[in-house]
Amino acid sequence: MNHPETIIPVPDVEPGTAGPPCAYARLRAEQPVVKALLPNGETGWLISRYDDARAAFADPRLIRPLLSAWPPREGDDAPPPALPTFLEMTGEHHERVRRTVLPMFGRRQLEFMRPRIRAMAEELIDTMVAGTAGGATADLVASYAEPLPLRVLCETVGLPYEDREIYLPHTLALLGASGLSMEEVLEALYALQDYADELISLKEKAAEKDGEDEDYIRRLLAEARRPGGQLTRDDVVSFVVTMLMAGYKTNIQHTANALLVLLTHPEQLQKLRERPEGISTAVEELLRYVPLMNAINILVATEDLTLHGQHIRAGDAVVPVPASANRDPEAFADPDRLDLTRTPNAHIAFGHGPHACTGGHLTRMQLAITIEVLLERLPGIELAVPAETIAWDESTPLRAPARLPVRW
């Protein structure tokens, strides 16, 4: 059924849930490609079915626009574009950078982080347990789900944890960019780039003294300095901005949501306790079942195309929605049921194609260790309050419980 003139609002997530919005079930069935009014007042074509969303991510006719240049402005007041993040790079530039950076985030190459992440997780559990010596409940968000992803990101990338009050406000602003004015987006983006540039200058000076490449920023800088190297210094700045935008708040909120899902499915959680070797499979199901994002993937058509009878013009925004695609019954049996043993599980939580998330394996490793350590150290953990009374942080599309009171 086609509704060529219909413009709908982007479906809202039901209060007190991470989504996906229930409205996507109807859209998948009746309007798989539909024009929607986005939070910033622009319109875009929502793509809700799995096959269509997967194809859209890989379609060379659909490109990610620069965050600093979309929606486009005309005239002399158009601001100078900011450096592209890794998600916005195109063509030879993107291929060159991806060839250099992607191997660093492969499953085997990240194994050096496993003991470090585990040590951080155990330290946080120790602190949480010590704080409840009198029998009080603990907040699993503030004690565990929130601090761990940022510490992992800082350890891997080489970001100073002590600078978090500087870069986190700008990062959080950009994650809500679809609802901000262009001026607000640019202010946050330029500030984050300035911070990254200053940090890289400090790393360059340190490298001149000790010559070691102990974090990813310094490893990439070494590649940029190498004769014939595949990276520029600006690419390293883009790397820092990209990792902050993609690896911080998204992981915090997905971790909190994943832990809530496990705690509200006690039978499946018990099976996972009994068979911890199934944690990797469970992580894939949590990535499918719990949205990493709802409708914030902006692509722009570079030429006219037609999809399900809808004419998409060059310049139109196209918005594939992984949260909807990952619940498509044409792709997943009984998709609204959590099944921690589900295989195969070809979800698109990290997108698909050349712009699939670089840090996907790091996210998988982090979530697996988060669950593993929690079940080892606190096998009797359970919610301390009814699930329906939990307060939610709904300040961004990446919604999550604001607190998770637990006992063990």
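Which residues does Ser-238 touch, not counting residues up to four places away in sequence? The contacts (heavy atoms within 4.5 Å) are with Leu-83, Pro-84, Phe-86 and Met-89. The model is predicted: local features need pLDDT of at least 70, side-chain atom pairs count only at pLDDT 80 or more, and totals for chains, interfaces and linings use all residues. Residues are numbered from 1 along each chain as its sequence is written, and side-chain values use heavy atoms, without hydrogens and water.

Ser-238 lies in helix 10, residues 233–247. Helices are DSSP runs (H or I, at least four residues), numbered from the N terminus. Ser-238 counts as buried because its relative accessibility is 4%; the cut-off is under 20% relative accessible area (1.4 Å probe, protein chains only).

Helix 10 packs against helix 9 (residues 216–225) at an angle of about 160°, with the axes 9 Å apart. Axes are lines fitted to C-alpha atoms over the stretch in contact, and angles run from 0 to 180 degrees between N-to-C directions. The two helices are therefore roughly antiparallel, a term for angles over 145 degrees. Helix 9 contributes Tyr-216, Ile-217, Leu-220, Leu-221 and Ala-224 to the contact, and helix 10 contributes Arg-233, Val-236, Phe-239 and Val-240.

Phe-239 also belongs to the largest nonpolar core, which has 92 residues. Such a core is a set of buried Ala, Val, Leu, Ile, Met, Phe, Trp, Tyr and Cys residues joined through side-chain atoms within 4.5 Å. Leu-140, Tyr-144, Leu-159, Phe-239 and Ile-371 touch the most other members. Helix 15 (residues 360–377) gives the most to this core, with nine residues.

Key
Buried < 20%, exposed > 50% of the residue type's maximum accessible area, 1.4 Å probe, protein only. Parallel < 35°, antiparallel > 145°, perpendicular 65-115°, else oblique.
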